[in-house]
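The sequence and the model come first.

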Amino acid sequence: MQNKGAIIFLTIAVAIVITYHLSFTVATYIVKKDASEYAQGDLVKESNFLDSIASLKKDEWSYLGNTYRECQEKEINLGLDLKGGMNVILEISVIDIIQSLSNYSTDTTYVQALNLAREYQKDSQEDFVTLFGNAFEEVDANARLAAIFNTMELRSRIDFNSTNQDVLRVIRDETETAIKNAYNILESRINRFGVSQPSIQRLGTQGRIMIELPGVKDPQRVRKLLKGTANLEFWETYDNIEIAPFLMDANNRLKDILSAQEQLEQSTAEVEVVENERLAEDDTSKTESLLDIMAADSSADVDQAQSLDQFKDENPLFAVLYPNTSQDGQFQHSSVLGYAHYRDTAKVNAYLRMEQISSLFPRDLKLMWHWKAYKYDEAQSLIELHAIKITTRDGRAPLNGDVVTSSREEFSQTSGEAKVNMNMNAEGAKVWARLTRENAGNFIAIVLDGYVISAPGVSGEIKGGSSEITGDFTIAEAQDFANILKSGKLPAPAKIIQETIVGPSLGQDAIDAGLNSFMIAFIIVLLYMVFYYSHRAGFVADLALIVNMFFLMGVLASLGAVLTLPGIAGIILTIGMSVDANVLIFERIKEELASGKGIKLAIKEGYKNAYSAIIDANVTTLLTGSILYFFGTGPIKGFATTLVLGIITSLFSAIFITRLIFEKYLDEDGKFSFTTIITKDAFKNVNINFLSYRKISYIASSALVLIAIFSLSTRGLNSSVDFTGGRTFVVQFPEEHSSTDVANLLKDAFGETPEVKVFGDITQLKITTQFMIDDPEADNIVEDKLYEGLKPILGADVSEEEFLADYRQSSLTVGPTIADDIKVRAVWVILLSLVVMFVYIVIRFRNWQFGMGAVLALMHDSLIVLGIFSLLHGMLPFSLEIDQAFIAAILTVMGYSVNDTVVVYDRIREYVGLYRKRERSEIMNVALNSTLSRTLSTSLSTFIVLLTVFIFGGEVIRGFTFALMIGVIVGTYSSLFVATPIVYDTVRKAETTRVLKAKKRG
């Protein structure tokens, strides 16, 4: 074996790196297990335990120099279907951007063109700017866009001599900039939302952005956070020293209120709560610092825990909001009033919004949180609370982001820290000069969407509208903030066009189902290899499979890839398909042994002769997986990721790891067997004349395809909301309910009859409706209607919040526009896959007949799978909906089928070179027979794996797995009876034509 040392070194190095990355998942798993044991089923208690670990500093908890929160960022990233959470696709309104660029022109031609472009958008894949340009020309071919867009903001880029194409180019540039800024703003929002491992990415060129928030339990809050327009503001502030007496007073008042509430709860009789106790206090008590109180408390002769509890009882506000004081207990000169742990900010807000508390503070005081954690806290969990001062009559900021004309990130020449320089227009510069002059010695808060980005101190008047902002920025943060400053208040609102919610219980069920099916399938394949190829050879293949799984999980962790339920299905499918490489090698070794060669030479030649088929077979599947990855989103991308990575790791394991093990065994005793007593004569001396049955197979295949086409044209397919648009809800009830009864109840609520059917367990129903699907703002309304409709069977004691949290297992909303896009994209993905397969096979085998045979076989397989789904939907006890996962299944079937076909093609190519004088039909039959053992062995192992997933993998992927099972059967049949016979007939026809032409020329 060449380069043996290098391969051993590479394997060890990769194993060390992968062990390092996987260790973070193990570390976080141990903490989560401890939390679960501590909480004893109490989810709130478990969450608080994990939050407390996440807030610890490195000297209190660390793993390899990382805090728990940093370890979470490096663990294997679970998708929403496994972890629960929310997936949202937002669309930035390009129409609003264009209207803003035109200063909301009322020109008749312009308005008509906008409306016409809006209609075109419903049935087009073009970007809106292109549609608008076409519509404008259609409304009036002589009209000029320059007359509309020659505004103050665009005057430097558009003049009256600009052509319509010039103006459209500027509009497209400005639109792209706005969308990029929207992406930055949304990323900033989700990063401060507090979830671990959030994900955000742009989709295509139509202003769409996909956001995944694992573990989110408040969808309404997410919708509000994401859909709001970015708003940049500049505010004057109060000094912490000014507000400190009021803060102390609020702490005392809150103590009285909570004490009175506690007494009221303990008392069985009604008592009157006196709200205005201790209103008059000595001024010195108002300025008493937090540290003075703590010192007094600590002097008490009690243990530390009792002192902490007593402090919390005496100071309920300061227990969650730590005042901004110096080490000697004096209140600091700052706009920051105090600091709160990120999980306590909601409680602080609730306390300070109480009428009895808020009335103590100045009426022109407004409180705002900082945008990220306080920098001196190593665990990054403390957040600053700023005191904003309202100085305008209408309560708005005296200056907003509309005045910012440019901004850029730079580095301070003295400190080297990142900063942002900004410039304002003339109006903004004038207001900015006044603000800085009047607030010299104080602070001005720069606020984005209600969160303080920075609150720099003002040393004096700043003229000219040019300033620099420092805020403990990293380089990336400075760059992002510069972009946000440039955009200011974005004129383009974001609307949700697709939304998926998965409840944590459904996510846990999916994990359990996925792991169970994975373990069963894994064990079955391990046993199968030992049964078929003997204990030694089977052990080598099993060890390679275990190493493959280790490498695959490690690569997923190191790349930060998302593991979804279809991703687990991809891993399981990888198990079945990775066996194929070992089977190809072992079958080749068996052939070499049968020809009389020694074991060492047989193994060497077996590997050498198997390489071509292994590479060709896996490259075709790799191409399919790559297309899925680039065109898919969410779970489909997760499936493609594991499939592609699984192919790469399985190739490495099968080709190199097994070879190293074989050589070690051979060096020890040189004994090896690749058969068992049961399998030693399997497929030996098989001589089936496959080509003689080709006419029968043509008739059978044509009949199946015609039946499929007839069913597709009459019954059609059961399309999911992915392709039709709509909303689906999976609801788990405590007991069984008739789907008809539930549909009738919801008919009254929705005003239309939804589709209701059992989904998995008999107590779980899937509800599909088109109700208000055209209104992107109607999500909360539909949820209200759903709850009201189901209330008679839920019971009066179940609140809407409890229903949405515990009964609703998942939901999916797909707008009509994106549904059309998904349909078009699905068609293009399948067509592109066929073209890629054809081109690869033609290039690899240098024969177009081979490519045509493979493509026709793929079309045959896809049509039969579609036909079966059309014929059987509504008849089987599980869902046969056509969704994005089904498209992934079709592509996987195509990849598997062409894998089988290419192995046969590879043997035909080899035999054509070896037996040049034999008839073409004899060569092809020999090739089919010689690969039959591999074909059936791989198909059987893959089918058993898929059957395991089908039975144990859960309802969510049952239809997906069913399609793959049918595909394996049909794909195996087509590789034997469709693809190769087509090649035979087309090659024979081409040769006959050449002979006839030659005779004519002669």
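Is Glu591 buried, partly exposed or exposed? I looked up its relative accessible area, which is 27%, so Glu591 is partly exposed; the terms are set so that buried means under 20% relative accessible area, exposed over 50%, and partly exposed in between, with a 1.4 Å probe and protein chains only.

Before going on, I noted that this is a predicted model, in which local features need pLDDT of at least 70 and side-chain atom pairs count only at pLDDT 80 or more, while totals for chains, interfaces and linings use all residues. Residues are numbered from 1 along each chain as its sequence is written, and side-chain values use heavy atoms, with hydrogens and water left out.

**Entry on salt bridges**

I kept in mind that side chains of opposite charge can pair when their charged atoms come close. The rule I used asks for a side-chain nitrogen of Lys or Arg within 4 Å of a carboxyl oxygen of Asp or Glu, and by this rule I find 26 salt bridges.

I then followed Glu591 to its partner Arg907, where the closest N and O atoms are 3.2 Å apart. The two residues are 316 apart in the chain, with Glu591 in helix 21 (residues 565-594) and Arg907 in helix 31 (residues 884-914); helices here are DSSP runs of H or I with at least four residues, strands are runs of E with at least two, and both are numbered from the N terminus. Arg907 is buried, at a relative accessible area of 7%. I also saw that a network of salt bridges links Arg588, Glu591, Arg907 and Glu910.

Next I looked up Lys4, which forms a salt bridge with Glu663, with 3.6 Å between the closest N and O atoms. Lys4 lies in helix 1 (residues 4-39) and Glu663 in helix 23 (residues 635-668), so this pair ties together parts that are 659 residues apart in sequence. Lys4 is partly exposed at 31%, whereas Glu663 counts as buried at 16%.

**Entry on a hairpin**

I found that strand 19 (residues 755-759) and strand 20 (residues 761-769) pair in the antiparallel sense over 5 bridges, where pairing requires at least two bridges found by DSSP. Glu755 has Thr768 in strand 20 as its bridge partner. The hairpin has 1 residue between the strands, and Gly760 takes a positive phi near 80° there.

**Entry on positive phi**

I reminded myself that most residues other than glycine have a negative phi.

**Entry on a surface patch**

Last, I looked up a nonpolar surface patch of about 480 Å², made by Val835, Phe838, Val839, Ile843 and Trp848. Such a patch takes nonpolar side chains (Val, Leu, Ile, Met, Phe, Trp, Tyr) joined within 5 Å, from residues with over 30% relative accessible area and no salt bridge. Helix 29 (residues 816-845) gives the most to this patch, with 4 residues, and Val835 lies in helix 29.

How values were computed: Patches are made of residues with over 30% relative accessible area and no salt bridge: like charges are joined within 9 Å, nonpolar side chains (Val, Leu, Ile, Met, Phe, Trp, Tyr) within 5 Å. Accessible areas come from the Shrake-Rupley method with a 1.4 Å probe; for residues, only the protein chains shown count as cover.
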